[in-house]
Amino acid sequence: MYALLDPQEMSRADHCAVDAGVPALALMEKAGCAVADVVARRPHATRVLVLCGPGNNGGDGFVAARVLAQRGFRVRVALLGERGRLAGDAAAVAALWRGPVEDATRVDVMAADLIVDALFGAGLARDLDGAARALVERMAASGRPIVAVDLPSGLDGATGLVRGAAAPAVETVTFFRRKPGHLLEPGRSLCGKVRVADIGIPDAVLDLVRPKTAVNAPHLWEALFPVPRRSGHKYDRGHGVVVSGGAWTSGAARLAARGALRAGAGLVTVACPAAALPLHAGSYAAVMARPMERPADLSALLADTRLNTVLLGPGLGVGATTRQLVAIAAPGRRVVLDADALTSFAGAAWSVGDVARQAAALVITPHDGEFARLFHGTPEVLERPGKLARARAAAARLGGIVVLKGPDTVVAAPDGRAAIAENAPAYLATAGAGDVLAGITLGLLAQGMPAYEAAAAAVWVHGEAARAAGPGLVADDLPEALRAVYTRLYEALGME
Ligand SMILES: NC(=O)C1=CN([C@@H]2O[C@H](COP(=O)(O)OP(=O)(O)OC[C@H]3O[C@@H](n4cnc5c(N)ncnc54)[C@H](O)[C@@H]3O)[C@@H](O)[C@H]2O)[C@@H](O)CC1
Ligand SMILES: [K+]
């Protein structure tokens, strides 16, 4: 359900299934039937044009064409490439198609109610160009509803990036499990509704393939989620510290502190310049505010070793003082770096690697711009194709957890595990929402949750809180909306 397989992993799953005795041709037959079922359920589609490519994606198209014709649809098939060059299972199913096979480069795409895009799937090996690209562009311009087989052709299943061109589908039928490209933008927006068809690959192959990417959902972290116990005490629930900027920029730290408290931290202290003290004290009565005029004041505050989890960044300011505060906070503590704390290390990712080595745990929560600034001059991270690979490379480079934010937030760990979010509504992109996320992460870390799971859970509950708050959301609503999300989670996790 939740595992996501990139094209190599999917190919291994396919081979494992065949080794276990499932005939490859049966997989293709089931795949084509599943596509036909989806087409048959679409309204107003009697004339169906199936565009087949030169590989097995095209093979699925030939099966779908045959099944739809048997069910009374008026089906035309057009092939990109020479029929004589089809091989293996694709050649076998093409031979069962009794109708004409048109030349896809000349076919009239407008003479159909619906187009089945079976040109390229997992085997996409390079950017589309020439006749393939022209065909995809004609399909996109046709305005006809498109049902994509496995992936919209030209979409890279591993990265979610478009290679050359891709036509947006109304529905995409994929097989066994979804692929990262179905969740990562722009892939997600191009796929339309994604349906996963069971084609007879046994679930047990996942034990052999061991995919490291998953949808971010409670299954990943629920066993480690801190659920209060009746016998517990607030001091068991951690003490988080939010380091705040001055009065004029203290709103970000306030949002973070509220997020941390609502996420269940036992205690939250805000360390701030004196001018910001009344603002923090007057925010939530439950937040404790302590004066911090200079970095030495943070050292003094953190001398109390119970204050073992620290967030730096929201509204903190960019520069040497922030770098100094990070250096004071990191040793032996669990640390979240966001916003200005990341920009303060622009082009100096190696310094954040040092922070990770000294800290008990490190989570960074950049958006794309902060990520690009931080890893400026680190081509082994920035030049990786796509958000998933970049977040993974960054986590490995730093030795810490990377939360690369966006509509498809990726959480990546140095050991290669990664989770992709799919629950964030578009209206979550609002001022201050990132500050609340950093605060929730702080709150979960303070309660002792392991860093990867804490970051993934924070992203998920943040998305759910936005949905609970609904359209018109402002960031201030998010901490409040966490209550409804926690109520459901605690119930599901069996709170005493
Ligand atoms: N792996 C599995 O378990 C199953 C796979 N099936 C289907 O098989 C597909 C994968 O099949 P293949 O591995 O044959 O790959 P594809 O059919 O996706 O594409 C491979 C073919 O396209 C050509 N090609 C790749 N990139 C190109 C480009 N940019 N321009 C022009 N030509 C290009 C290749 O030379 C090759 O001929 C899946 O997407 C799915 O639809 C299904 O039949 C069911 C089972
Ligand atoms: K396709």
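## A parallel pair

In this predicted model, strand β9 (residues 213–215) pairs with strand β18 (residues 418–420) in the parallel sense over three bridges, where pairing requires that DSSP finds at least two bridges between two strands. Within β18, Ile420 is the bridge partner of Val215. Strands are DSSP runs of E with at least two residues, helices are runs of H or I with at least four, and both are numbered from the N terminus.

Residues are numbered from 1 along each chain as its sequence is written, while chains are lettered from A and ligands numbered from 1 in the order in which they are written. Because the model is predicted, local features need pLDDT of at least 70 and side-chain atom pairs count only at pLDDT 80 or more, whereas totals for chains, interfaces and linings use all residues.

## The sheet around it

The pair belongs to an open sheet of eleven strands with mixed pairing, in the order β1-β9-β18-β17-β16-β15-β14-β13-β10-β11-β12. Since β1 (3–4) and β12 (288–291) stand at the edges with a single partner strand each, one side of each is left without a neighbour in the sheet.

## Two helices in contact

The axes of helix α11 (residues 295–302) and helix α12 (residues 320–329) come within 10 Å and cross at roughly 15°, the axes being lines fitted to C-alpha atoms over the stretch in contact, with angles from 0 to 180 degrees between N-to-C directions. That makes α11 roughly parallel to α12, a term for angles under 35 degrees.

Pro295, Leu298, Ser299 and Leu302 in α11 meet Thr321, Gln324, Leu325, Ile328 and Ala329 in α12, contact meaning that C-beta atoms, placed from the backbone, lie within 7 Å.

Key:
Angles under 35 degrees count as roughly parallel, over 145 as roughly antiparallel, 65 to 115 as roughly perpendicular and the rest as oblique. Two residues are in contact if their C-beta atoms, placed from the backbone, lie within 7 Å.
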